[in-house]
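Here is a short briefing to read with the model open beside you. Take a look at the fold, then follow the notes below.

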Amino acid sequence: MANKGPAYGMSRDVQSKIEKKYDDELEDRLVEWIVAQCGAAVGRPERGRLGFQVWLKNGIVLSRLVNSLYPDGSKPIKIPDTPPTMVFKQMEQIAQFLKAAEDYGVIKTDMFQTVDLFEAKDMAAVQRTLMALGSLAVTKNDGNYHGDPNWFMKKAQEHKREFTESQLKEGKNIIGLQMGTNKGASQAGMSYGRPRQIIS
């Protein structure tokens, strides 16, 4: 990564707006969930945006998190025995997490970019991805989620309805209110002002 100096002008304003989106209370909830999901072996970060970023930066904690959502024998990410120290290996580990999260069901618009985490460009986006992952885990309710289910909102689920042939035929005879009616409607007696005068 290239070393960057301080931001000035518009780029500083944009970066400060991004940093204001970071939620400290949400950080506490996400840390509690990750520790409950992965076990105490993952440790805890220092409080604050940068502490959270350093904790997740090498991708190992994220990989353990997504692996914990799968049953034994079908873990999507291979975790190295020693945490990677080389930059490209750490970024590769984060990219593997993002791929596994997408395969789990997190939609692309909820995903952060690798540099958002690695360079702490947008830690709020990282929080958004983890929230989406937690919501999916609670919604699936497959026994792999650990922690308080109230930490995340359940996603809306399909509620399929079955109708018999006779019910479908009866529905064709009913005119819905949004169709409107034209009984008694006409344009008789309506005028739109004086007609245009053409003088030759």
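Is alanine 120 buried or exposed? Alanine 120 is buried, at a relative accessible area of 11%, where buried means under 20% relative accessible area, exposed over 50% and partly exposed in between, with a 1.4 Å probe and protein chains only. This is a predicted model, in which local features need pLDDT of at least 70 and side-chain atom pairs count only at pLDDT 80 or more, while totals for chains, interfaces and linings use all residues. Residues are numbered from 1 along each chain as its sequence is written, and side-chain values use heavy atoms, with hydrogens and water left out.

**The chain as a whole**

- The chain has eight helices and zero strands; helices (H or I, at least four residues) and strands (E, at least two) are DSSP runs, numbered from the N terminus.
- Along the sequence this reads as α-α-α-α-α-α-α-α.
- Of the 200 residues in the chain, 34% are buried.
- Among contacts (heavy atoms within 4.5 Å) with a separation of 6 or more, 55% join residues 24 or more positions apart.

- Helix H2 covers residues 24-38, and its 15 residues should span 21 Å at 1.5 Å a residue, which agrees with end C-alpha atoms 21 Å apart; the expected span is 1.5 Å times one less than the number of residues.
- The buried residues of H2 are Leu26, Glu27, Leu30, Val31, Trp33, Ile34, Val35 and Gln37, and their cover includes helices H3 (49-56), H4 (60-68) and H7 (123-140).
- H2 and H4 cross at roughly 60°, and their axes come within 9 Å; axes are lines fitted to C-alpha atoms, for helices over the stretch in contact, and angles run from 0 to 180 degrees between N-to-C directions.
- The crossing of H2 with H4 is left-handed, a term for a near helix turned anticlockwise from the far one by less than a right angle, with right-handed for clockwise.
- On the H2 side the contact uses Trp33, Ile34, Gln37 and Cys38, which meet Val61, Arg64, Leu65 and Ser68 of H4.
- That contact divides into five nonpolar, two polar and one charged residues, counting Ala, Val, Leu, Ile, Met, Phe, Trp, Tyr, Cys and Pro as nonpolar, Asp, Glu, Lys and Arg as charged, and the others, Gly among them, as polar.

**Helix H3 and its partner H7**

- H3 has Gly51, Phe52, Gln53, Trp55 and Leu56 as its buried residues, and these pack against H2, H4, H6 and H7.
- The axes of H3 and H7 lie 11 Å apart, with a packing angle of about 60°.
- That makes H3 oblique to H7, since angles under 35 degrees count as roughly parallel, over 145 as roughly antiparallel, 65 to 115 as roughly perpendicular and the rest as oblique.
- H3 passes H7 in a left-handed crossing, with Arg49, Phe52, Gln53 and Leu56 of H3 in contact with Met123, Val126, Gln127 and Leu130 of H7.
- Valine 54, also in H3, counts as exposed at 58% relative accessibility.
- From valine 54 to phenylalanine 118 is 64 residues in sequence and 8.5 Å in space, C-alpha to C-alpha.

**Backbone points to inspect**

- Most residues other than glycine have a negative phi.
- Alanine 120 has a positive phi of about 55° although it is not a glycine, and it sits in the loop between helix H6 (114-118) and H7.
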